[in-house]
Amino acid sequence: MESEAAVNFTQAVIDLHPCYEFDYFSYKLTSSPSVICVILYFFLALLSVITICGNLLVIISIAYFKQLHTPTHSLILSLAVADLLVGIVVFPLSMAFSLSSCLFYEGLLCKVRASFDITLSTCSIMNLCCISVDRYFAVCQPLMYRTKINQRVVVVMIVVSWGISVLVGIGVIIAGLNNDKCEGLCFIDILISNTIGPTVSFYFPVIIMLCIYLKIFLVAQRQARSIQMAAKCAAAVSKMERKSTKTLATVLGVFLCCWTPSFLCITFLPFTSSPIPVPVIETLNWLTLSNSMLNPFIYAFFYQWFRSAFKIIVSGQIFQGNFANSKLS
């Protein structure tokens with residue numbers, strides 16, 4: 001009976017992930033991967049490469065072309081750096097130490113992976129929050145925009161966003177180390193991980209951003225109704241700002257679609273009597289990471305000048321002459 005129970009337990013653990021095996025009470029990557037495992041890891045590696053290349057294009061475009069040296073694009077640059085680090089750091093760590101394996105045995109590298117994951121996701125949402133504030137002044141208070149939002153203010157926004165994110169990531173590591181000292185799960189660590197953490201780093205900023213974009217939408221509607229009364233130049237500027245706001249609101253919407261299911265899962269996990277299936281956990285985890293890949297495609301789809309910048313960079317024209325002052329369409 002005991003041997004049969006051990007076999008059943010081993011098989012149950014093996015079934016958790018197609019690329020892992022149970023060997024002498026350790027849960028590790030299999031030495032003989034199946035076809036499904038190879039296809040899965042090829043797909044994940046491809047996602048990582050696309051994420052790195054796409055965000056590198058965004059970073060090079062904004063850093064190189066002077067036309068893109070604006071407060072809004074500086075915030076987009078900070079967001080792209082966070083997404084680039086996800087592709088470079090979090091993707092490989094998540095492939096080597098999957099979420100299901102870390103649930104089985106949470107070693108130091110699992111804590112490091114979780115820390116980077118939470119740090120960069122918090123940084124992304126903080127940058128999106130700053131972008132929503134930038135869009136609010138650009139659309140709702142255009143006459144005050146240049147005085148309220150300048151490069152110095154943007155630098156402060158970026159430093160604060162990264163500083164808060166790093167502190168949150170360090171807090172996760174400390175909470176995880178304290179959790180190891182408990183016989184069971186520490187109540188305070190569960191409270192921080194499942195309630196306070198998601199509220200501070202996700203729910204509260206999201207509510208603020210949704211309120212800001214709702215205000216922007218209402219103001220844009222009023223501007224659209226009175227646009228025929230304005231001069232052509234002012235109308236063109238207003239139209240450009242509204243298009244930029246629409247694009248960045250799309251970035252926010254995609255972010256929410258990718259991240260909300262995962263945060264809801266984290267929040268309500270302690271209140272469920274039955275465990276969440278591992279395929280669901282793994283899918284939600286990779287859905288959140290895929291968000292870092294999608295932003296460059298959004299920029300390329302909506303922004304003509306990003307498409308022009310991408311074309312100049314990919315074709316190698318930036319190595320053949322000085323295009324920094326080029327007028328992007």
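Visitor: Which residues form a nonpolar patch on the surface?

Guide: Phe42, Leu46, Ile50 and Phe297 do, with about 410 Å² of accessible area together. Patch residues have over 30% relative accessible area and no salt bridge, and nonpolar side chains (Val, Leu, Ile, Met, Phe, Trp, Tyr) are joined within 5 Å. Areas come from the Shrake-Rupley method with a 1.4 Å probe. This is a predicted model, where local features need pLDDT of at least 70 and side-chain atom pairs count only at pLDDT 80 or more, while totals for chains, interfaces and linings use all residues. Residues are numbered from 1 along each chain, and side-chain values use heavy atoms, without hydrogens and water.

Visitor: Which helix gives the largest share of the patch?

Guide: Helix α2 (residues 35–64), with three residues. Phe297 lies in helix α10 (residues 278–302). Helices are DSSP runs (H or I, at least four residues), numbered from the N terminus.

Visitor: How many cavities of 30 Å³ or more are there?

Guide: Start with the general idea. Rolling a probe the size of a water molecule over the atoms shows where empty space is left. On a 1 Å grid, a cavity is a set of points where a 1.4 Å probe fits but cannot get out; lining residues have an atom within 4 Å of a point. This structure holds one cavity of 30 Å³ or more. The volume of the largest cavity is about 40 Å³.

Visitor: What lines the largest cavity?

Guide: The lining includes Asp83, Leu120, Trp259 and Asn291. By class, four lining residues are nonpolar, five polar and one charged. Helices α3 (71–96), α5 (108–140) and α10 each supply at least two lining residues. The largest share, four residues, comes from α10.

Visitor: How many aromatic pairs are there?

Guide: Rings of Phe, Tyr and Trp (its six-membered ring) pair if their centres lie within 6.5 Å; planes under 30 degrees apart are stacked, over 60 edge-to-face, the rest tilted. By this rule there are nine aromatic pairs. One of them, Phe91 with Trp286, is tilted, at 5.4 Å centre to centre and 55° between the planes. Phe91 is in helix α3 and Trp286 in helix α10, 195 residues apart.

Visitor: Which residue forms a salt bridge with Asp117?

Guide: A salt bridge is a side-chain nitrogen of Lys or Arg within 4 Å of a carboxyl oxygen of Asp or Glu. The count is two. Asp117 pairs with Arg113, their closest N and O atoms being 3.8 Å apart. Both lie in helix α5, four residues apart, about one turn of the helix.

Terms used: Patches are made of residues with over 30% relative accessible area and no salt bridge: like charges are joined within 9 Å, nonpolar side chains (Val, Leu, Ile, Met, Phe, Trp, Tyr) within 5 Å. On a 1 Å grid over the protein atoms alone, a cavity is a set of points where a 1.4 Å probe fits but cannot get out, and a pocket is an open set with protein on both sides within 12 Å along at least five of seven lines; lining residues have an atom within 4 Å of a point. Grid points are joined across faces, edges and corners, and a volume is the space filled by probe spheres set on the points. Ala, Val, Leu, Ile, Met, Phe, Trp, Tyr, Cys and Pro count as nonpolar, Asp, Glu, Lys and Arg as charged, and the others, Gly among them, as polar.
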